[in-house]
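Hi,

Here is the structure I promised to pass on.

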Amino acid sequence: MKKTLLVVDDEPSIRLILEHYFTSDFDVVLKSNGLEAIQWLEKGNNADAIIADYAMPVMDGLDFIKRLRANILHHSTPLLMLSGKDETSNKIKCLKQGADDYVVKPFNPEELDLRVRKLLDKVKV
């Protein structure tokens, strides 16, 4: 059975690239902002890993991390943040809020895949 990967990004091109790249190994669920993703999770859906954008409308990446980590069911779900900004302060904010990793756009899909798999390996019992 495939693991579920939740992709949260307001850019349709990024969602398309990630869906195309990960769909052979994961059930990929796409959401265009943090609020949509939180609502999907709160309906009882589950993700084995999440890739989320830092800068999104409606609910940005930091608020998404806060809401995700405040939920007991999803507080330890592996979370990798994507950002177009390579600023150390953004990375630190995300990691302090509870993100597990931070990757700057443009990204190499193969590197992203390896990072997601490493995060998933860490949560295996």
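**Around D53**

Leaving aside neighbours within four places in sequence, D53 is in contact with V8, D9, D10, G61, M81, L82, S83 and K105, where contact means heavy atoms within 4.5 Å. Before I go on: this is a predicted model, in which local features need pLDDT of at least 70 and side-chain atom pairs count only at pLDDT 80 or more, while totals for chains, interfaces and linings use all residues. Residues are numbered from 1 along each chain as its sequence is written, and side-chain values use heavy atoms, with hydrogens and water left out.

D53 sits in strand β3; helices (H or I, at least four residues) and strands (E, at least two) are DSSP runs, numbered from the N terminus. With 3% relative accessibility, D53 counts as buried (under 20% relative accessible area; exposed is over 50%, partly exposed in between, with a 1.4 Å probe and protein chains only). The side chains of D53 and K105 are joined by a polar contact of 3.2 Å (a pair of N or O atoms within 3.5 Å; within protein, one must be able to donate a hydrogen and the other to accept it, and residues adjacent in sequence count only if both atoms are side-chain atoms).

**Helix α5**

Helix α5 covers residues 109-123 and reaches 22 Å from its first C-alpha to its last, close to the 21 Å expected (1.5 Å times one less than its number of residues). Its buried residues are L112, D113, V116, L119 and L120. Seen down the axis of α5, these fall within an arc of 130 degrees, so they line one face of the helix (the arc is that of the directions from the helix axis to the C-beta atoms). They pack against β1, α1, β2, β3, β4 and β5. On the other side of α5, E110, L114, K118 and K122 are exposed. At the start of α5, a side-chain oxygen of N108 comes to within 2.7 Å of the backbone nitrogen of E110.

**D25**

D25 lies in the loop between α1 and β2. Its relative accessibility is 43%, so D25 counts as partly exposed. Beyond its neighbours within four places in sequence, D25 is in contact with K2, K3 and R117. From D25 to P12 the C-alpha distance is 21 Å, and the two are 13 residues apart in sequence.

Happy to talk any of this through!

Best wishes
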